[in-house]
Amino acid sequence: IPKKFDARFDAVERTYKYFIANHSTLDPYKQSFILGSKVDVNLNDLNRAAKLFLGAHDFSSFAKLEFNQNPIRTLTRSSWTNRNGIIEYTISGNSFLRNMVRNIVGVQIAILEKKITFKEVKEKLNNPDGIRLNYIAPAKALVLWKVKY
């Protein structure tokens, strides 16, 4: 490894996973790292919303920005799958803003809970107005899965 290598700033892609159970009652061994859902998790609706985030976008409505921080990020993967009753969200991109992944997951959950519409999310992505969609998923179910250099 070169002496100037920086594990944070030299990464070219990061992948996060977020885990949700399709029910609110969880096995005690899993409850500390999986979010129990209060509503029925519909994979079709989640994947429809997840596709909105793909590509390069201004994510200022989906993250906590630092002063003079560029809010444009490029996402290469955003999808939901069901693995043995656990709903798994995978998101990959060149970099992420503070709270961005949890905010994106929270917004998608808010769509399921009918707190926000698919159209409103699409509008915030296409025309960010500086006002954050403040739906933040809990940190306990978020895992940094893979980093590419």
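Reader: Hi! What volume does the largest pocket have?

Author: Hello! In this predicted model, the largest pocket has a volume of about 410 Å³.

Reader: Thanks. Which residues lie nearest its centre?

Author: Those are Arg-8, Arg-14, Ser-95, Phe-96 and Leu-97, out of 18 residues that line the largest pocket. The elements giving two or more residues to that lining are strand E1 (13-21), H2 and strand E6 (142-148).

Reader: And how do the lining residues divide into nonpolar, polar and charged?

Author: For the largest pocket, the lining has 9 nonpolar, 3 polar and 6 charged residues.

Reader: OK, what about the second largest pocket, how much space lies in there?

Author: About 290 Å³. The second largest pocket is lined by 17 residues, and the closest to its centre are Leu-35, Lys-38, Ile-109, Glu-113 and Pro-138. Two or more residues come from each of strand E2 (35-36) and H2.

Reader: Which element gives the most to that lining?

Author: H2 does, with 4 residues in the lining of the second largest pocket. By class, that lining has 11 nonpolar, 3 polar and 3 charged residues.

Reader: Let's switch to the inside. How many residues has the largest nonpolar core?

Author: The largest nonpolar core has 36 residues, and Phe-59, Phe-62 and Ile-104 have the most contacts inside it. Two or more residues come from each of E1, H1, strand E4 (72-83), strand E5 (86-93), H2 and H3. H2 gives the most to this core, with 9 residues.

Reader: Nice. What is Phe-59 in contact with, leaving aside its neighbours within four places in sequence?

Author: On that basis, Phe-59 is in contact with Phe-53, Pro-71, Arg-73, Leu-75, Leu-97, Met-100, Ile-104 and Leu-125. There is also another core, lying apart from the largest one, with 5 residues that include Ala-21, Leu-26, Ile-34 and Ile-86.

Reader: Now the helices, please. Which residues of H3 are buried?

Author: Helix H3 spans residues 118-126, and its buried residues are Phe-118, Val-121, Lys-124 and Leu-125. They fall within an arc of 125° when seen down the axis of H3, so they line one face of the helix.

Reader: What covers them?

Author: The cover over the buried residues of H3 includes helix H1 (43-52), strand E3 (55-58) and helix H2 (100-112).

Reader: And H1, which residues are buried there?

Author: In H1 those are Leu-46, Ala-49, Ala-50 and Leu-52. Seen down the axis of H1, these buried residues fall within an arc of 145°, so they too line one face of the helix. Asn-44 and Lys-51, on the other side of H1, are exposed. Among the elements covering the buried residues of H1 are E3, E4, E5, H2 and H3.

Reader: A few single residues, then. Is Ser-61 buried or exposed?

Author: Ser-61 counts as buried, because its relative accessibility is 0%. Ser-61 is found in the loop between E3 and E4. Leaving aside neighbours within four places in sequence, Ser-61 is in contact with Asn-103, Lys-124, Pro-128, Asp-129, Gly-130, Ile-131, Arg-132 and Leu-133.

Reader: Why does Thr-15 count as buried?

Author: Thr-15 has 6% relative accessibility, and the cut-off for buried is under 20%, so Thr-15 counts as buried. Thr-15 is found in strand E1. Its contacts, leaving aside neighbours within four places in sequence, are Thr-90, Ile-91, Ser-92, Val-143, Leu-144, Trp-145 and Lys-146.

Reader: I'd like to check the backbone too. What is the phi of Asn-84?

Author: Asn-84 has a positive phi of about 55° although it is not a glycine. Most residues other than glycine have a negative phi. Asn-84 lies in the loop between E4 and E5, and Asn-84 is exposed, with a relative accessible area of 83%.

Reader: And where is Asn-99 found?

Author: Asn-99 is in the loop between E5 and H2. Phi of Asn-99 is near 65°, which is a positive value in a residue other than glycine. Asn-99 is partly exposed, with a relative accessible area of 26%.

Reader: Last one: how many residues apart in sequence are Asn-82 and Lys-4?

Author: They are 78 residues apart in sequence, and 41 Å apart in space, C-alpha to C-alpha. Asn-82 is found in strand E4 and is partly exposed, with a relative accessible area of 44%. Not counting residues up to four places away in sequence, Asn-82 touches Leu-43 and Ile-87.

Conventions. Residues are numbered from 1 along each chain as its sequence is written. This is a predicted model: local features need pLDDT of at least 70, side-chain atom pairs count only at pLDDT 80 or more; totals for chains, interfaces and linings use all residues. Side-chain values use heavy atoms; hydrogens and water are left out. Buried means under 20% relative accessible area, exposed over 50%, partly exposed in between (1.4 Å probe, protein chains only). The arc is that of the directions from the helix axis to the C-beta atoms. Contact means heavy atoms within 4.5 Å. On a 1 Å grid over the protein atoms alone, a cavity is a set of points where a 1.4 Å probe fits but cannot get out, and a pocket is an open set with protein on both sides within 12 Å along at least five of seven lines; lining residues have an atom within 4 Å of a point. Grid points are joined across faces, edges and corners, and a volume is the space filled by probe spheres set on the points. Ala, Val, Leu, Ile, Met, Phe, Trp, Tyr, Cys and Pro count as nonpolar, Asp, Glu, Lys and Arg as charged, and the others, Gly among them, as polar. A nonpolar core is a set of buried Ala, Val, Leu, Ile, Met, Phe, Trp, Tyr and Cys residues joined through side-chain atoms within 4.5 Å.
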